[in-house]
Amino acid sequence: MLYRSHRGGVYYTPENTMPAFLYALEAGYDYIETDPQLTLDGVVVLMHDGTINRTCRNSDGSKIEKPVEVSKTTYAELMQYDAGIAMGEKFRGTKIPRLDELLAAAEGHDVIIALDKKIPTDKIDALLDVVEKHDTKVCFSASDTVRIQKIQERFPDARFDYDVNLEDEALAQVCNLVKPKNLIVWMYLDKPNFSWLAQKAKVSPENYARVKKYARVGIANVNTPIDVKEALEYAPDILEI
C-alpha cells in the first residue's frame with residue numbers, strides 16, 4: 001500500500017508550505033498532495049482555500065481582518081503575509097510557496113506530486129507550463145473527461161487522480177482514456193465533512209468492490225486514528241493522511 005501526504009502535512013507543519021513539503025519528502029511519502037491556484041498576475045501558488053485567511057497571518061502575526069482572495073491578489077501582495085506563524089513561532093516567516101518551488105525540491109526524489117484541480121480547465125495551460133519545466137513526477141486531478149483530454153494534449157502519458165463522478169458509465173469512459181498504471185480512483189469515508197458527495201463516491205464494501213473493477217483505489221483525507229483503522233479494513237492501494 002502507498003501513502004499520500006495531504007497538503008504536504010497538516011498536523012505538524014503549516015499546510016501547503018515548504019516546511020510541510022520538506023517534511024513529507026524526508027518522511028518518505030509516495031505522494032504529496034497539494035492545491036495549485038492562480039494569482040491575479042498568473043503565478044501558480046499553493047493554497048487550499050480560495051482565501052488565505054484561515055492559514056495565513058499578517059507579518060506581525062495578527063489575524064487578517066478582510067478576506068484576501070488568491071485569484072484577486074498579485075503574487076507580490078501575497079508575499080506580504082506569513083503562512084507559517086499560525087502553526088507556531090518556529091514557522092514565522094514562512095511564505096506561500098509557488099508550484100515551481102515544490103517541483104524543484106522534489107526533483108531527484110522517488111515521489112509523485114499530486115496536483116488538485118483548483119485551477120479551472122480553461123486556465124490549466126499556466127499549470128502545465130510550470131510542470132513542463134521540471135523533471136518531477138506529477139499526477140493531475142480530474143473529475144471529467146474534458147479535463148483529462150486537455151491535459152493529455154500536452155502530456156499523453158499523464159497520471160491521473162479521478163474522483164467525484166463514480167458512476168459506472170463515467171468510470172468506463174475514464175478507463176478508455178487513461179492507462180490502468182496511470183489511474184487512481186479516489187473514494188471517501190462516509191463522514192459529515194463529505195456529506196455533499198454522491199453516495200457512490202463514498203466507501204462501502206459494495207462501492208469499493210464496484211470501483212476496484214476499474215482501477216486502483218485510494219481513500220482520501222483520512223483524518224483520525226479511528227478513520228485510519230476504518231480505511232485500512234478495505235486494504236486500499238493508496239491512503240491519504
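Predicted model: local features only at pLDDT ≥ 70, side-chain atom pairs only at ≥ 80, totals over all residues.
**Entry 1**

I began with asparagine 221, which I found in the loop between E9 and helix H8 (225–232). I looked up its phi and got a value near 55 degrees, which is positive in a residue that is not glycine. Is asparagine 221 buried or exposed? Its relative accessible area is 17%, and the cut-off for buried is under 20%, so asparagine 221 counts as buried.

I then turned to arginine 7, in the loop between E1 and H1. Arginine 7 is not a glycine either, yet its phi is positive, about 60 degrees. I checked its cover too: arginine 7 has 12% relative accessibility, so it goes down as buried.

**Entry 1: the whole chain**

Next I stepped back and listed the elements of the chain: eight helices and 10 strands. I looked up the span of the C-alpha trace along its principal axes, and it is about 50 × 40 × 35 Å. How does the radius of gyration fit a compact globule? For 241 residues such a globule would have a value near 18 Å, and the chain has 18 Å, so the two agree. I also noted that 50% of the 241 residues are buried. The accessible surface comes to about 11400 Å², and carbon and sulfur atoms hold 52% of that. For contacts between residues at least 6 apart in sequence, I found that 60% join residues at least 24 apart.

Which strands close into the barrel, and in what order? I traced eight of them, E1-E2-E5-E6-E7-E8-E9-E10, with parallel pairing. From one strand to the next, the twist averages 25 degrees.

I picked out two pairs to look at. Strand E8 (residues 183–188) and strand E9 (residues 216–220) run parallel and are joined by five bridges. In this pair, isoleucine 184 stands opposite arginine 216 of E9. E5 and E6 also pair in the parallel sense, over three bridges. Here isoleucine 113 faces valine 138 in E6.

**Entry 2: helices on the strands**

I found helix H1 (residues 18–27) lying across strand E1 (2–5) and strand E2 (31–34), at about 165 degrees to E2. Helix H3 (residues 99–106) packs on the sheet as well, where it touches E2, strand E5 (112–115) and strand E6 (138–142). The direction of H3 makes about 160 degrees with that of E5.

How many residues of E6 are buried? I counted five of its five. Val138, Phe140 and Ala142 point one way from the strand, while Cys139 and Ser141 point the other way.

I finished with phenylalanine 140 and what it touches beyond four places in sequence. Among its contacts are Leu115, Leu127, Leu128, Val131, Ile151, Phe155 and Phe160. I also wrote down Arg159 and Asp161 from that list.

Definitions and conventions: Residues numbered from 1 in each chain as written. Heavy atoms only, no water. Pairing = 2+ DSSP bridges. Helix = DSSP H or I, 4+ residues; strand = E, 2+ residues; numbered from the N terminus. Axes fitted to C-alpha atoms, helices over the stretch in contact; angles between N-to-C directions. Contact = heavy atoms within 4.5 Å. Buried < 20%, exposed > 50% of the residue type's maximum accessible area, 1.4 Å probe, protein only. Rg over C-alpha atoms; globule rule 2.2 N^0.38 Å. Areas by Shrake-Rupley, 256 points an atom, 1.4 Å probe, with all protein chains shown as cover.
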